[in-house]
Amino acid sequence: MANKKFTEEEMNHLRASPYVLDVSPSIVHFSVKFKELFWNSIQERKEPRDIVIELGIDPDILGEYRVNGLKSSPSH
């Protein structure tokens, strides 16, 4: 299943996060700090969607595919 494309409004919302380094209609690049915090929370058995919310990012903008994909992304 392909990732959904971001609208300009969604990209602006993501850019406002201190954890987003760059965003295009197709890709979000998260900071190392985001990845560290995310991975630490995964180790605490938190759900990816809950972690993203805690870090101030709207999981509905990312989409379920991206949110769940964060769990398998390299942490560094």
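Reply: Start with burial: a residue is buried under 20% relative accessible area, exposed over 50% and partly exposed in between, using a 1.4 Å probe and protein chains only. Phe-38, at 4% relative accessibility, therefore counts as buried. Before going on, keep in mind that this is a predicted model, where local features need pLDDT of at least 70 and side-chain atom pairs count only at pLDDT 80 or more, while totals for chains, interfaces and linings use all residues. Residues are numbered from 1 along each chain as its sequence is written, and side-chain values use heavy atoms, with hydrogens and water left out.

Me: Which elements make up the protein, and in what order do they run?

Reply: Helices (H or I, at least four residues) and strands (E, at least two) are DSSP runs, numbered from the N terminus. Here you get 5 helices and 2 strands, and the order from the N terminus is α-β-β-α-α-α-α.

Me: How do I check the overall dimensions of the protein?

Reply: Take the radius of gyration over C-alpha atoms and hold it against the globule rule, 2.2 Å times the number of residues to the power 0.38. For 76 residues a compact globule would come out near 11 Å, and the protein has 12 Å, so the two agree. Along its principal axes, the C-alpha trace spans about 35 × 25 × 20 Å. Of the 76 residues, 36% count as buried. As for the surface, Shrake-Rupley with a 1.4 Å probe (for residues, only the protein chains shown count as cover) is the method; the protein exposes about 5,000 Å², with carbon and sulfur atoms supplying 52% of it.

Me: What share of the contacts comes from residues 24 or more positions apart?

Reply: A contact means heavy atoms within 4.5 Å. Among contacts with a separation of 6 or more, 39% come from residues 24 or more positions apart.

Me: On to helix α1. Which of its residues are buried?

Reply: The general idea first: an α-helix has 3.6 residues a turn, so residues three or four places apart point the same way. In α1 the buried ones are Glu-10, Met-11 and Leu-14. They cover an arc of only 100° around the axis, which puts them on the same side of α1; the arc is that of the directions from the helix axis to the C-beta atoms. The cover over these buried residues includes β1, β2 (28-30) and α4 (59-62).

Me: How many aromatic pairs does the whole structure have?

Reply: A pair of aromatic rings is described by the distance of the centres and the angle of the planes. Rings of Phe, Tyr and Trp (its six-membered ring) pair if their centres lie within 6.5 Å; planes under 30 degrees apart are stacked, over 60 edge-to-face and the rest tilted. The search finds 3 pairs. In one of them, Tyr-19 and Phe-34 have ring centres 6.0 Å apart and planes at 55°, so the pair is tilted. That pair links distant parts of the chain, 15 residues apart: Tyr-19 sits in the loop between α1 and β1 (20-23), Phe-34 in helix α2 (residues 32-43). Both Tyr-19 and Phe-34 are buried. Phe-34 also pairs with Phe-38, stacked this time, at 5.9 Å centre to centre and 25° between the planes. Those two lie in α2, 4 residues apart, about one turn of the helix. Finally, Tyr-19, Phe-30, Phe-34 and Phe-38 form one aromatic cluster.

Me: And α2 itself: how far does it reach?

Reply: The expected span is 1.5 Å times one less than the number of residues. With 12 residues, α2 reaches 16 Å from first C-alpha to last, close to the 16 Å expected. Its buried residues are Phe-34, Phe-38, Ser-41 and Ile-42. They span an arc of only 105° around the axis, which puts them on the same side of α2, and they pack against β2, α3 and α5 (64-70). Ser-41, at 11% relative accessibility, touches Lys-46 and Ile-51, not counting residues up to four places away in sequence.

Me: What happens just after α2?

Reply: Arg-45 takes a positive phi of about 70° there, in a residue other than glycine. Arg-45 belongs to the loop between α2 and α3 (48-54) and, at 74% relative accessibility, counts as exposed.
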